[in-house]
Amino acid sequence: MFYREAGDFKTSYTDDNQTFPIKFDRYRYYFVLFVAFCVIPFIVNDYWANAVLLPFLIYSIAAIGLNILVGYCGQVSLGTGGFMAVGAYAVYKLMTAFPEVNVFFHVLLAGGITAIVGVLFGLPSLRIKGFYLAVATLAAQFFLVWLFNKVPWFYNYSASGQISSPERTVFGYAVTGPHASAWTTYLFCLVFVTICAIIARNLTRGSVGRKWMAIRDMDIAAEIIGVDPLRSKLSAFAVSSFFIGVSGALFFSVYLGAVEVGEAFGINKSFLVLFMIIIGGLGSIFGSFAGAAFLVLLPVLLKNVLVSGLGWPTDLAAHLEFMIVGGLIITFLIAEPHGLAQLWRVAKEKLRLWPFPH
Amino acid sequence: MPDQLLFGTEVFLNGLMAGVLYALVALGFVLIYKASGIFNYAQGVMALFAALTLVGIMDGQVPFAHLINAVFGTEVHHFGWNIPSFLAIILTMGVMVALAWIVQQLIFRHLVNQEPIILFMATIGLAYFMEGFGDIMWGSDIKKLDVGIPQGMNALIDEVTYGAFGYGFFIDNLDIVAAVIATILVILLVLFSQYTKQGRAMRAVADDHQAALSVGISLNFIWVMVWSVAGFVALVAGIMWGAKSGVQFSLSLIALKALPVLMLGGFTSIPGAIVGGLIIGVGEKMFEFLIGPMVGGATENWFAYVLALLFLVFRPQGLFGEKIIERV
């Protein structure tokens with residue numbers, strides 16, 4: 001009734017090309033932004049920020065990045081953890097080397113550095129595909145983690161081998177370090193998420209994104225119709241690594257504060273982000289958010305129900321979480337290969353006809 | 001011979017032995033891939049699960065003891081009996097066959113004709129599920145597995161080499177046994193796939209499963225069989241690795257090491273898995289020995305992957321793999 005194209009007249013090309021052509025969608029989007037920027041910062045507390053909101057926002061960026069590579073360009077990567085580590089160490093080196101520069105630019109630069117590394121490891125994708133490539137990206141994962149462990153220059157020769165983020169401020173408010181308050185860290189991450197999502201959304205519906213999708217659907221056919229595989233594949237690697245680098249930088253500097261590379265950016269992180277986009281929906285920006293929210297909330301929920309509610313031991317809950325995540329992956333691949341995003345699409349389709357289905 | 005060279009030779013031999021164990025895990029991958037086009041990431045977890053089950057059965061552990069205790073507040077842990085290892089291995093094999101059947105019925109039946117990459121991700125899901133399931137069923141503590149394989153330094157080789165070069169080589173008995181068993185296993189598998197009816201049917205399915213279906217081969221049966229054989233290979237690998245380093249979570253990471261082995265050897269070739277395993281085993285040990293000290297050590301973590309990556313750039317189908325032909 002209220003969710004429809006009819007009656008919403010487009011009078012210019014810009015109107016016709018807008019991201020959300022349906023009025024209801026548009027208002028919903030403004031509403032979400034309004035709540036995220038103007039309501040949540042005033043009510044957020046430490047627990048919510050650290051347990052739910054920060055990981056959700058940061059993983060969303062990583063999931064969008066990986067979704068560009070896997071969902072839009074069809075190049076499966078298992079090196080996400082390694083690339084996040086590049087972002088984290090890049091931002092650490094930048095923060096300590098140039099303390100006078102605003103941390104905002106450090107994070108962006110860290111993304112840029114990760115993009116360069118990503119392109120480097122993306123080069124084999126021109127020769128190999130499918131799970132050959134997936135295994136090749138494992139090389140990135142293991143090599144990068146080893147590198148950050150073994151070369152003392154990366155962790156500034158600290159005795160513990162850990163890196164910890166110094167305090168940095170934006171507009172006079174601390175966003176990293178021990179004195180950062182919940183709302184500043186939240187807003188800082190939210191700004192990045194919003195920018196990344198808007199960029200990703202517009203890239204994927206433009207010519208670059210269509211080239212990626214052509215490569216994904218069939219690379220030889222794409223080449224024949226004039227898509228340059230070298231440029232599209234490497235641009236996908238670059239953009240994807242940029243996002244993943246930004247998320248790694250935020251994960252280290254804002255969320256964790258101190259990081260030991262093998263623990264924080266191991267192979268499990270790669271799988272976690274991959275699972276987010278499978279559950280959320282391959283090839284969908286909304287799906288990246290949905291998947292990230294799902295896999296961030298699930299452990300919190302399980303912990304609250306099983307450990308606090310029923311009084312089970314924590315290791316049992318952890319094992320059960322493994323089982324549930326694995327089972328969900330299989331269920332989604334069988335029943336709904338396009339993930340939560342597809343459920344959302346179906347719901348919207350139903351809503352368009354409601355309440356007169358014929 | 002100078003000491004350094006002798007020491008290098010010893011490292012080389014040990015690398016060969018480690019390579020045999022990698023090849024064992026890689027074998028399971030090749031079998032499933034050949035027959036169904038599924039790249040089974042869960043192979044390593046299957047090895048872990050098989051080893052856990054074997055230990056659990058031998059010690060008479062109560063399955064799901066931890067869960068039962070948590071839910072009902074009881075204190076059960078063991079049945080109080082010990083089962084001889086031979087019988088336990090047979091029982092475990094039964095569990096692996098049942099597992100193969102369940103996996104086939106519940107998962108891969110519904111994913112026939114999907115993209116290979118979707119199947120790959122499904123096996124990652126399966127790996128996660130089984131990891132949690134194995135831990136809930138048998139507990140997550142590190143267990144000792146002892147099925148009566150001799151362990152420790154082989155005295156004979158030590159003596160002979162000491163007599164010949166004045167330097168005794170250290171080679172673990174377990175590695176020798178593993179090498180022998182792996183060789184037997186490969187010969188058996190080759191005989192099975194070349195000379196038995198089921199083996200021929202398996203190759204037919206691998207070649208073209210629609211054509212195989214049309215001449216009356218039951219796809220379901222073949223796939224369950226292949227998963228069972230892979231389960232058996234996983235069991236053997238699990239016993240070997242379990243005896244070597246204890247039954248623990250890191251066992252499932254061996255699967256990751258088997259991936260570069262496969263990429264070197266080619267996904268479709270059983271001899272390729274063996275040769276690839278040996279190259280990786282020797283390569284990473286020699287690299288650690290020669291270059292490792294210069295760059296800070298622990299290169300074993302990534303050497304195999306980088307080697308495979310470089311190799312793939314020049315020969316994407318691996319050493320023995322079938323040539324990849326692409327059609328539009």
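**Note on the helices and chain contact of a predicted model**

1. Helix 2 (residues 43-59) of chain B has 17 residues, which at 1.5 Å a residue should span 24 Å; its end C-alpha atoms lie 24 Å apart, in agreement. Helices here are DSSP runs of H or I with at least four residues, numbered from the N terminus, and the expected span is 1.5 Å times one less than the number of residues. This is a predicted model, in which local features need pLDDT of at least 70 and side-chain atom pairs count only at pLDDT 80 or more, whereas totals for chains, interfaces and linings use all residues. Residues are numbered from 1 along each chain as its sequence is written, with chains lettered from A and ligands numbered from 1 in the order in which they are written.

2. Helix 2 of chain B is largely enclosed by the rest of the structure, because 16 of its 17 residues are buried (20 or more other C-beta atoms within 10 Å of the residue's own, the C-beta atoms being placed from the backbone). Just after this helix, B:Gly60 adopts a positive phi of about 65 degrees.

3. Helix 1 of chain B, with 34 residues, reaches 50 Å between its first and last C-alpha, close to the 50 Å expected.

4. Helix 1 (residues 3-36) of chain B packs with helix 12 (residues 270-290) of chain B at an angle of about 140 degrees, their axes being 6 Å apart. The axes are lines fitted to C-alpha atoms over the stretch in contact, and angles run from 0 to 180 degrees between N-to-C directions.

5. In helix 3 (residues 46-72) of chain A, a kink of about 40 degrees lies at A:Leu53, shortly before A:Pro55; the bend is the angle between axes fitted to the seven residues ending at a residue and the seven starting there. Helix 3 of chain A is mostly covered, with 20 of its 27 residues buried.

6. B:Phe108 belongs to helix 4 (residues 85-108) of chain B. B:Phe108 is buried, with 24 other C-beta atoms within 10 Å. Leaving aside residues up to four places away in sequence, B:Phe108 touches B:Ile38, B:Val103 and B:Trp223, contact meaning C-beta atoms, placed from the backbone, within 7 Å.

7. The contact between the chains takes 36 residues from chain A and 42 residues from chain B. Helix 14 of chain A gives the largest share of the side of chain A that touches chain B, 13 residues.

Terms used: Helix = DSSP H or I, 4+ residues; strand = E, 2+ residues; numbered from the N terminus. Contact = placed C-beta atoms within 7 Å. Buried ≥ 20, exposed ≤ 12 C-beta atoms within 10 Å, placed from the backbone.
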